[in-house]
Amino acid sequence: MTSLPLSRRGLLGAAAVTGAMTLLPGIAWAAAATAKRFVFIIQRGAADGLAVLPPLGDPVLAGLRGQLFDPDAIKLDGFYGLHPALAQTAGLFRSGEARAFHAVATAYRDRSHFDGQNVLESGGATPYAVKTGWMGRLLPLLPTQDQSALALAPAVPLALRGDRPVATYAPNRLPQASDDLLLRVGALYDADPQLAPLWAEALKTKQLAGDIGGNGGRNGGELGKLAASLLVPADGARVMMIETGGWDTHSAQKARLAAQLRGLDALVAELKAGLGPAWQDTLVMVATEFGRTAAVNGTGGTDHGTASAAFLLGGALAKGKPVAGDWPGLASGSLREGRDLEATGRIEDIATEALAAHFALAPSRLSPLFVPRA
Amino acid sequence: MAGEKSIALDRFGLGARPGDKPDADPRGWLTAQLARFAARPPVLAAQPGRPELVALFRDYREQVSEMRRQRRQTQADGTPPDDPLKDVPQMLRRGLREAYVGATNARLASALQTATPFPERLVHFWANHFAISADKLPVIPLAGNYEFEAIRPNMMGSFEDLLAAAVLHPAMLLYLDQAQSIGPGSPLARRVGGMAGRMGRKPGLNENLGREVLELHTLGARTGYSQADVTELARALTGWTVAGYGQGRTARLIAGDPGDGVFAPALHEPGARTMLGKRYPEGGAEQARGMLRDLARHPATARHIATKLARHFIADTPPPAAVARIEQAFLSSNGDLPSVYRALIAAPEAWAPGSGKFRTPWDWTVASLRATGLAQPPGRQAAAGLLQQLGQPIWRPGSPAGWGDTAPDWAGPGALMTRVEVAQQIASRVNDGVDARTLVTSVLPDAGVETKQAIARSESPALGLAMMLSAPEFLRR
């Protein structure tokens, strides 16, 4: 596995983008065998499915969510709604270009971000059992010319790791501080009771990356534009992972999640706009490591939970209900451990089915992607 | 004593410069600055005047409405609307934005060059106390003018003059909707009320400014005034508006040079008003002025201002003794601001060793540039862009309450990381000849041994400088 960081300067401007893309290994000057593109948007930090895709028809919802309950949710069907910040995505639902899946999760049933993301990305049944990622194992199954993979991240994320090379590109507002400076500053803050915990949190967030919620959602839009510009060229990326962080809303969730979702909405809208006709050949999947508690906590937020919602988007999605899922209910007897939305669907099934249809592969050929659950 | 010199330079001032040496008496050094303060230093003299700034907004508005008219006409002709027109307002807004960016650069230049950093910090304090926010289009070009013409020339006089200058400046009148507030019984409302009322656009009272004057500018929240007091002040303030902004019939009733804050009798609600139990007879423009004067002298105002000054200059939780001392100076001098500032300098709590305040993004940026001698922010970012990234866009707090003034408002994980990133950028712009080991003894003489060691052990001069700007001691004042 090789990581090839691309310089920001090399990617500015359309001409430069084409030039930079020739750096992508294995695909230089090759004509694409198919025009199919796959994008995985990971929501690191556990996105709150009950707020993103509120089950408005569940009579318990409003009472459990208290101040987090949003009466302005956009109705998707007779039962589910969509967070109002996802207004452009709602349009995609109406045109059959978006579908959602509720009460879904990976095989992981604990509440650590890092372990949960490890399972979501590796496709394993338990944390750290598999060293490569399911996207990385997808690449060899695709035509050689379609194996060009890119991560919008400073390093290759686990999901894309495998035996094929992957390029990385980290969009950044500011030149990143050198690791050396970060290390030395950390040592300097170590004895400071105010700065030490802030710094620990800052480093963690930095690793989780992807501030899409900033700048009124425009950061998300810029990321979507960038992603599209890297996917459109004939020799551009065909498999891409986009990192988004900031979903860990333990406090003041209402405003923070709305900002996050405005960013995600703009990301999706700009991605579609930038892809133009290629949107018809693109499949996008959005998923998170786990969900959040059913009830609001004492600080206007929610804590780590179990099941959440996942999304598929694209110009040629298989037909289906706008929201699929076997709804477990939110009554206290139905909640997992009395606190979390129970998982009734599997993220790996959603991915397998969608990828098989998208790349016209028999589902059995995709069996290396996910380790069967015990 | 190094400690007190640093307090004078950093806590009262805007951060030490390498050559800065307050004399043996830091208190005297601060007091002397009060008399030497230049309200209009050369660096601000080149700023465009109000007529020019208002013309920018009027041009913008005219072009937008002309564009809309053309578009309607085009569509009426049956031709499809021209797409490129969509971007025109963005382009037109550039003029407003340039005026704003120019003013923010001037503000920063003044903060970097000033010979009187204590009063310069007071400018920033008062601009935030009487906050406007350049989120509203007409406020954008006037934001700098507000600080340069309402705050700076009046903050060495009495609080009542400063209050009137701030509240009645066109930027404030526009920001808090006073410019559109019309007395329901005013001549204008009586004349147009019938017709406009039938169209559902009855002109009326807007309480926004009246409420914020009581809650934010003078007495403070929950100090005993009532909704009736808010309404009465709002009624008295009707008539105060901005010339050259109205359109159509209203515009002809408002005399004055475009962009001036003026009193238009036709908009004023006639009659006597009662606020806080006192009766104010009808007096046109003087009615609201009289109310502002009484509010400025109110004991609750003295307490409010004293608390905010102590919080800004001493600690997030202001020591009650210091508040009482400043409050007393305010009351006994009838709000004479230099007397208040002298009481602040005299407060022993302000000179307690240790850093009481976490620097805001603005404070930290100014201190970093002063310490390293850079004349402007690194890269191509103007002051406006940098402060936006650091989380404190200049003159844009987004609320009439202004920016928060305590550590939790600014000490966040993401904000801290951004500072360290900017510190590295600044350090990389500074000439390699600057040795952080020497610089730290001059601008941060009280830095702890860990910080000094960490700087000394840095593997490059730039890294050492970035360490100094990121050091816990440099993040505070």
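Analyst: Strand 6 of chain A, residues 149-152, is covered on both faces in this predicted model. Ala149(A) and Ala151(A) lie on one side, Leu150(A) and Leu152(A) on the other, and all of these residues are buried.

The strand has pairing partners as well. With strand 7 of chain A, residues 166-168, strand 6 of chain A pairs in the parallel sense through three bridges. One residue that can be followed across this pairing is Ala149(A), whose bridge partner in strand 7 of chain A is Val166(A). Strand 6 of chain A also pairs with strand 8 of chain A, residues 239-244, again in the parallel sense, here over four bridges. In that pairing Leu150(A) has Met240(A) of strand 8 of chain A as its bridge partner.

Strand 8 of chain A leads on to a loop. The loop between strand 8 and helix 11 (253-275) of chain A contains Ala252(A). The phi angle of Ala252(A) is positive, near 45 degrees, although the residue is not glycine. Ala252(A) is exposed, because 11 other C-beta atoms lie within 10 Å and a residue with 12 or fewer counts as exposed. Glu337(A) can be set beside it: this residue, also other than glycine, has a positive phi near 55 degrees. Glu337(A) belongs to the loop between strand 11 (323-324) and strand 12 (345-346) of chain A. It has 10 C-beta neighbours inside 10 Å and therefore counts as exposed.

Two helices of chain A may be considered next. Helix 10 of chain A, residues 218-231, has 14 residues, which at 1.5 Å a residue should span 20 Å; the end C-alpha atoms are 20 Å apart, so the expectation and the model agree. Of these 14 residues, 10 are buried, and helix 10 of chain A is therefore largely enclosed by the rest of the structure. The buried residues include Leu223(A), Leu226(A), Leu230(A) and Leu231(A), but also Asn219(A), Gly220(A), Gly221(A) and Gly224(A).

Helix 12 of chain A, residues 347-359, has 13 residues. Its first and last C-alpha atoms are 18 Å apart, close to the 18 Å expected at 1.5 Å a residue. Among its buried residues are Ile347(A), Ile350(A), Ala351(A), Ala354(A) and Leu355(A), together with Glu348(A), Thr352(A) and His358(A). Ala360(A) follows helix 12 of chain A and has a positive phi, near 55 degrees.

The chain as a whole gives these elements their setting. Chain A has 12 helices and 12 strands, and 52% of its 374 residues count as buried. Of the contacts in chain A between residues at least 6 apart in sequence, 74% join residues at least 24 apart.

Confidence in chain A should be kept in view. The mean pLDDT of chain A is 85, and 84% of the residues score at least 70. Over residues 1-32 of chain A, however, pLDDT stays under 50, and the model has 59 contacts beyond four places in sequence for this stretch. Where pLDDT is low, the predicted coordinates should not be read in detail.

The nonpolar cores extend the picture to chain B. In soluble globular proteins, nonpolar side chains tend to be buried together. The largest nonpolar core has 149 residues, and those touching the most other members are Ala143(B), Met172(B), Ile326(B), Leu344(B), Met467(B) and Met468(B). The element that gives the most to this core is helix 5 of chain B, residues 88-113, with eight residues. Apart from this core lies another, of 99 residues, with Phe38(A), Phe93(A), Leu120(A) and Met135(A) among them. Leaving aside residues up to four places away in sequence, Met172(B) touches Phe130(B), Ile132(B), Tyr146(B), Ala166(B) and Val167(B).

Finally, the two chains touch each other, with 22 residues from chain B and 22 residues from chain A taking part in the contact. On the side of chain B that touches chain A, two or more residues come from each of helix 21 (413-429), helix 23 (449-456) and helix 24 (461-470) of chain B. Helix 21 of chain B gives the largest share, 10 residues.

Notes
Residues are numbered from 1 along each chain as its sequence is written. Chains are lettered from A and ligands numbered from 1 in the order in which they are written. This is a predicted model: local features need pLDDT of at least 70, side-chain atom pairs count only at pLDDT 80 or more; totals for chains, interfaces and linings use all residues. A residue is buried if 20 or more other C-beta atoms lie within 10 Å of its own, exposed if 12 or fewer, and partly exposed in between; C-beta atoms are placed from the backbone. Two residues are in contact if their C-beta atoms, placed from the backbone, lie within 7 Å. The expected span of a helix is 1.5 Å times one less than its number of residues. A nonpolar core is a set of buried Ala, Val, Leu, Ile, Met, Phe, Trp, Tyr and Cys residues joined through C-beta atoms within 7 Å. Two strands pair if DSSP finds at least two bridges between them. pLDDT is the predictor's confidence in each residue, from 0 to 100.
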